[in-house]
Every structure is written in C-alpha cells, then in structure tokens.
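Dear colleague,

I am handing over the structure below for your use.

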Amino acid sequence: MEHALFALSGLDLLVCLYALHKIRLIHISTFNIEAASVTAARESTQLYAQIQAYLDLLRLVEPARPLPTLRGWAASPDFLLRIAGHARDAAPQRILECSSGASTVVLARCLQLNGSGHVVSLENDPAFAEQTRTSLRMHGLADWATVVDAPLVANAATGTPWYSLEGLTDDPGAFDMLVIDGPPRTVAPLARHPALPMLSSRLSAACVVFLDDADRVEERATLQRWATEFHDFAQTLLPCEKGCARLDRNPKIADGKL
Ligand SMILES: C[S@@+](CC[C@H](N)C(=O)[O-])C[C@H]1O[C@@H](n2cnc3c(N)ncnc32)[C@H](O)[C@@H]1O
C-alpha cells in the first residue's frame, strides 16, 4: 500500500511539474500578448496622427510629385507640418538646414508658394546630397534650394565632428529659419550640439530654430546646454512623434514688442 502511494506520488509530481511548466508558458505568453497589444494600440494612435499630419501637409504644400518616403530616417509628417507651417506663415527669406531630404523638398516648396526665399541645406553624405538634388529637380524646385556638400570635420571649437562650413558664404545674420535634423546620432554623443555655437552668428536677430528628435536623451541634453550657453533663444517643446523643439531668438523682437 505504502509502495503504491509512493509510485502514485511520483507520477503526481511529474504531472504537477508538467502542469506548472505549461502554466508558466501560458503566463509568459499572456504577458507578451498584453505588451504587444499596448504597443499596437500606441502605434495605431501614432499612425493615425501621422496620417492626419501627412494629409494636412499635402493640403498645405500641394507637392507636384509624391513626397519622398517619410518617417524612419526621414522626418515625420508632424515635424514637416510644423516647419512647413512656419515657412508659410512667417515667410522666411533664407532657411538653413542641417541634413537634407524630404524636409528640403517641403521647405523649398513652401518658399516657391510664398514666391520668394531660398533654402540652403548642409549634407554630409554625397549620395544623399545627390538624391535630394534629384528630388528637388523632379519637383521643379531646383531654383528654390541648394544642397551644399558639407563633410563632417573635426571641430576644434566644440570637440564634436560637424558639418564643414566651407561651402557656406559667411553672411552674418543671413538666415531667419534654421532646421536641425542632422548629423545622425551615431556621429557623436551630442552630434547636434555644435549647430548653435557654429551657426548663431549667421542667424538673424529674430530667427526661429526647429530641432527634430527632441524627445531623445541626447537632444534633451543638447537643449539643456544651449539653454545655459544661449540666453537669447526661448525654447518650447512641441508634441511630435519624435519630439520637436522650437527656439525663438529674441521673441520680443519677433512679436514687435521691442
Ligand atoms: C535624420 S536624417 C535627415 C533627414 C532629412 N532631414 C529628411 O527630412 O529626409 C540625417 C542624415 O542621415 C543620413 N541618412 C538619411 N537617410 C538615411 C538612411 N536611410 N540610412 C542612413 N543614413 C541616412 C543623411 O546623411 C541625412 O543627412
């Protein structure tokens, strides 16, 4: 009798262990499904926001051809809508851009619609520079934007590799809008920090700056450093899928209060 109980207990134990193993697998799967459904819900909300921004962008800039593929490496529709809205409303005469692509096409189209102005885009990668020039030609926008080959060079002033400014004329206060979407984050820990130290003298007194990817840790650190180094720029964070920071230089001048 004692023997049978032992044999039964051994079998029960195996069944129990097997059942526990299965329960654990079910538990893990349930957790994964819950996490995936939260991600899917977040992504579908974001997708809707980007589709809405894309449709608004198309209505605003009415491009002659389909725009280059957006999101991922390219700017997202909500960021492009922000910069296009400013380019249309404030009608800047000279726009400077760090990194070329879809953003160059959108900004050039805004200036074409405005009837005046020019975009200068610094691009470190010759292949992407050529790709943007081709897009500009296809859109009939070659006269509205210039893509400048600007290899990343060691920078003694900031200690971070950044765009060579050799192809850019030294014209103090020339640009009234600056869009920063490069260099890529892989270049250096604070790859975009040099933008203000290197370009502030070329920006007008009421220049407006847009920084893409402002939700990233590196860009937040860059914004913090700019806040301590440049007291004439007022920073505002705007909701965009990758984060967007808008910096208004001397906002009182722009408001006509000075
Ligand atoms: C964030 S992207 C710039 C995107 C650009 N402002 C636009 O709206 O399309 C920054 C830089 O990454 C590089 N780049 C662009 N697309 C890339 C890709 N698919 N793979 C690797 N690098 C890329 C280019 O040199 C570009 O200047």
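Helix H3 passes helix H4 in a right-handed crossing (a crossing is left-handed if the near helix is turned anticlockwise from the far one by less than a right angle, and right-handed if clockwise). Helices (H or I, at least four residues) and strands (E, at least two) are DSSP runs, numbered from the N terminus. On the side of H3 the contact is made by Thr104, Val105 and Ala108, and on the side of H4 by Thr132, Ser135 and Leu136; residues are in contact if their C-beta atoms, placed from the backbone, lie within 7 Å. By class, this contact has three nonpolar, three polar and no charged residues. Here Ala, Val, Leu, Ile, Met, Phe, Trp, Tyr, Cys and Pro count as nonpolar, Asp, Glu, Lys and Arg as charged, and the others, Gly among them, as polar.

Please note that this is a predicted model, in which local features need pLDDT of at least 70 and side-chain atom pairs count only at pLDDT 80 or more, while totals for chains, interfaces and linings use all residues. Residues are numbered from 1 along each chain as its sequence is written.

The domain assignment gives domain 1 (1-61) and domain 2 (68-254), with bounds that come from an automatic or database assignment. Their centres, taken over C-alpha atoms, are separated by 43 Å. Nine residues of domain 1 are in contact with 15 residues of domain 2. The side of domain 1 that touches domain 2 has six nonpolar residues, two polar and one charged.

The ligand is surrounded by 15 residues, of which the closest are Trp73, Ala75, Ser99, Gly101 and Ser103; a residue is near a molecule if its C-beta atom, placed from the backbone, lies within 6 Å of it. This shell divides into six nonpolar, six polar and three charged residues.

Some backbone features also deserve mention. Most residues other than glycine have a negative phi, and most peptide bonds are trans. Arg71, in the loop between helix H1 (2-61) and helix H2 (77-90), has a positive phi of about 70°. Asp213, in the loop between strand E7 (203-212) and helix H6 (217-229), has a positive phi of about 65°. A cis peptide bond, with omega of about 0°, joins Gly182 and Pro183.

With kind regards

How values were computed
Two residues are in contact if their C-beta atoms, placed from the backbone, lie within 7 Å.
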